[in-house]
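Visitor: I'd like to walk through this one with you, helix by helix. Could you bring it up first?

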Amino acid sequence: MLRRLATGLVVLWAAATAAYLALLAAPGDTVDAIIGDGADTPLIRAQIIQEWHLDRPAVVQYLDFLWRALHGDLGRSYLLQRPVAEVIGGQLAPTLTLASSAGVLGVVLALVLAITTRRPWARRVSSTLELVLVSTPPFLIGIILLSVFSFRLGLFPVSGGQGFASLVLPAVTLALPVAGVLTQVLRDGVDRALDEPFVVTARARGLGERAVLVRHALRHALLPAVTLIGWLFGILLGGAVIIETVFGRPGLGQVTLNAVTSEDMPVVLAVVVFSAFVYVVLNTLADLAYLIIDPRLRRS
Amino acid sequence: MTIALDRPLPVRIRRPRGVGVALAGAFLAFAVAAAALPGLFAGDPLAADPRHVLEAPSAAHWFGTDQLGRDVFDRVVHGARHSLTIGIAATLVAAGLGVLLGLLAGLSHKYADEALSRGFDALAAFPLLLLALLFVAVAGPGTMGLIVAIGIATLPHYARVVRSQTFVVRQAGYVTQAVAFGDSRPRLVLRHVLPNVIGPIPVLAVIGLGEAILAAAGLSFLGMGPQPPSPEWGAMLSEGRGYLSIAWWTSILPGVVVTLVVISLTVVGRRLHRRFEGRTA
C-alpha cells in the first residue's frame, strides 16, 4: 500500500513536471500573453517581469511552481489576473454535477444491461448496441438527442445550465458511451465467473439463478470493472468538456477552451494537473476497493 | 447435468462475423479511396450555391446542403482526407514513439526502466482529451497540432505492451544464444528483439486508429483542428450545431460517417485481434 502511494506521488510529480515543460515550450512570449490587449510600454513590461518573477532562471521558477503547487496554489491566470484556483473553483460545481450524474447513470445502466441481457438474442442486440455506443463520438450522441428531444419534441431546454431539466440530456449523452464500455467488461466478467466451480456449488445449494448471478458472478465481474475507474473519470471529464460545448453549459469545459485559445497557460496547466491528481487519488481508492470486494486479498 | 439446461449457455455465441467484417472492410476501403482521390467520388467541397441553402437530402444532394449551399456529401468525402490523415499520422507517431520508448524501457537498466515506466504512467494519468488540449495549446491548433497532441497522448498504450513483451523476449533462448555468438548490441536489438516484440502492434494500431479518429473529431469539434472552410468531419458537426433546429442533416450525417468509420475499424481490429491472439513471442 505504501508502495502504491509512493508511485502515485511520483506519477503526480511527473505529471506536474511534464505540464511545466509544456508551459516552457509554449510559443510566444509570456509577457505578451499577460499583457493581452492591454497597454504595452517598456515600463509595464518591466513591471510584469518583476511581478511574475520572469527574470529568474527557469529552474528556480520550476521549483517555485512545484512548491506552490504542493500548497495548493496553482498560480494566477494571465488573462483574468485572478488566482487560478478561484477561476477553476468557480466553475467546478456544474462540471462535477454533470460528470457524477452521468457516471452514476452509466454504471447503473451497465449493471442492469449486463444482468438482464443473458439470453442469446438479447445479448446480441445489446452487444451491437454497445459497439455502436462506444464508436459514436459523444458530441454526435448529444446532437442527435438535442435534435430529437429539444428541437422536435421540445421536452428539454436547448442550452444553458439552470435546473434539472437542462441536466438530463447532457448527463444521458455522457452516460451512454460509459455504459457501452462497462457493459462489455461486466458481461465478460460474469461469463468468466459462471464457468467457475463455485457457481456449481452455489447452484447445488439450491440457489436461484438470479441470486447466483447477482450475489456470486457479478461480485467477481466487479473486480475488472473497478480497475477502469481511472479511465471512467478521464472519459467523464474529457467528455464533459465537449458535452458542455454541445449544450452550451457553463463549467470547466468553457474555462479550459477559453484558456487554450487565449494561451492562458497557468489555467490550462492547472486543469491538467488537477485532473491527474484526481486520477491518481481515484486509482488509489480503487486499490482499496479491491480489498472490500475480494476477501482473498485481505489475507495476503 | 440437468442444471445446465435451464440457464443460458456460458459458451460464446458465434456470430456470423464474415458478413460484418466484409462490410466493414469494404467501407474502410471506400473511405481510404475517398481520402486518396476525393475528386473521383464528389464535386467541389467549397462550391457555395446561395440559391440552394440548407436543403434537405435529395437525389441531387444526397446529404443535403449546408448554410452556404455547399453539398454536404461532397464535403464529407473531401473531409475524409483531413480526418483520416490526422488519425493515421497520429497513430503512426504514437506507435513509432511507443515502440521506441517501450524497447528502451524493456532493455535498459532497472532505474532507467522505472523512470520511463513512471513517465508512461504520468502520460496515461491525463484524460486523453485534456492532455491533447494541453499539447494543442503548445503546438497550436491545426492539422500538425492535432497529430502531435493525439500521437503523444496515446503513446503509452504501445509503449507498455512493447516493454512487457521485451521482458519476455530478453529471457528467450535465441537471445542468449545470439549473445553467446557475440552479436553486436544494435544487431541483437534489430535482428532478434524488435521482430519478436512488434507482433501485437499492428492490431493495436488498427483499434487505436479508431480512437485517434474519434479524438481528432472531438478536438476539431472544439475548434482546435483544421480551420474553416476546410471540410473536416468534427468541424462540420460544430458548424452544423448552429442550424440544428432547421437542418439536422448538416451535422448528423457527417457524424454518422465518423461513427461508421470507427465501428468498421473496431470490427476489423477485433477480428484481427482474435486471429492473432496467442501468436506472440
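Visitor: At roughly what angle do the axes of α3(B) and α7(B) cross?
Guide: Quick housekeeping: this is a predicted model, where local features need pLDDT of at least 70, side-chain atom pairs count only at pLDDT 80 or more, and totals for chains, interfaces and linings use all residues. Residues are numbered from 1 along each chain as its sequence is written, while chains are lettered from A and ligands numbered from 1 in the order in which they are written. Helices are DSSP runs (H or I, at least four residues; strands are E, at least two), numbered from the N terminus, and axes are lines fitted to C-alpha atoms, for helices over the stretch in contact, with angles from 0 to 180 degrees between N-to-C directions. On that basis the α3(B) and α7(B) axes come within 7 Å, and the crossing is at roughly 35°.

Visitor: How many nonpolar residues does the contact of α3(B) with α7(B) have?
Guide: Contact here is a C-beta criterion, with the two atoms placed from the backbone and within 7 Å. The residues that meet include B:Leu97, B:Leu101 and B:Ala105 in α3(B) and B:Tyr158, B:Val162 and B:Thr166 in α7(B). For the classes, Ala, Val, Leu, Ile, Met, Phe, Trp, Tyr, Cys and Pro are nonpolar, Asp, Glu, Lys and Arg are charged, and the others, Gly among them, are polar. The contact has five polar and three charged residues, and the nonpolar count is 14.

Visitor: What does α7(B) reach from its first C-alpha to its last?
Guide: The helix covers residues 155–170, which is 16 residues. The expected span is 1.5 Å times one less than the number of residues, and for α7(B) that expectation is 22 Å. The model comes out close to it, with a reach of 22 Å.

Visitor: Which elements cover the buried residues of α7(B)?
Guide: Buried means 20 or more other C-beta atoms within 10 Å of a residue's own, exposed means 12 or fewer, and partly exposed is in between, with C-beta atoms placed from the backbone. Among the buried residues of α7(B) are B:Leu155, B:His157, B:Arg163 and B:Val169. Their cover includes, in chain B, α3, α4, α6, α8, α9 and α10.

Visitor: How are α7(B) and α10(B) oriented to each other?
Guide: Their axes are 11 Å apart and the packing angle is about 160°. The contact is made by B:His157, B:Tyr158 and B:Val161 on α7(B), and by B:Ile201, B:Leu204 and B:Gly208 on α10(B). Those residues split into four nonpolar, two polar and no charged. Angles under 35 degrees count as roughly parallel, over 145 as roughly antiparallel, 65 to 115 as roughly perpendicular and the rest as oblique, so α7(B) and α10(B) are roughly antiparallel.

Visitor: And is the crossing of α4(B) and α7(B) left-handed or right-handed?
Guide: These two pack at about 150° with their axes 9 Å apart, which makes α4(B) roughly antiparallel to α7(B). As for the handedness of the α4(B) and α7(B) crossing, it is left-handed.

Visitor: How many residues does the contact take from chain B?
Guide: On the side of chain A that touches chain B, the residues divide into 34 nonpolar, eight polar and nine charged. Chain A gives 51 residues to the contact, and chain B gives 41.

Visitor: Does A:Trp121 count as buried or exposed?
Guide: A:Trp121 sits in helix α6 of chain A. Because A:Trp121 has 9 C-beta neighbours inside 10 Å, this residue counts as exposed.

Key:
Left-handed = near helix turned anticlockwise from the far one by under 90°.
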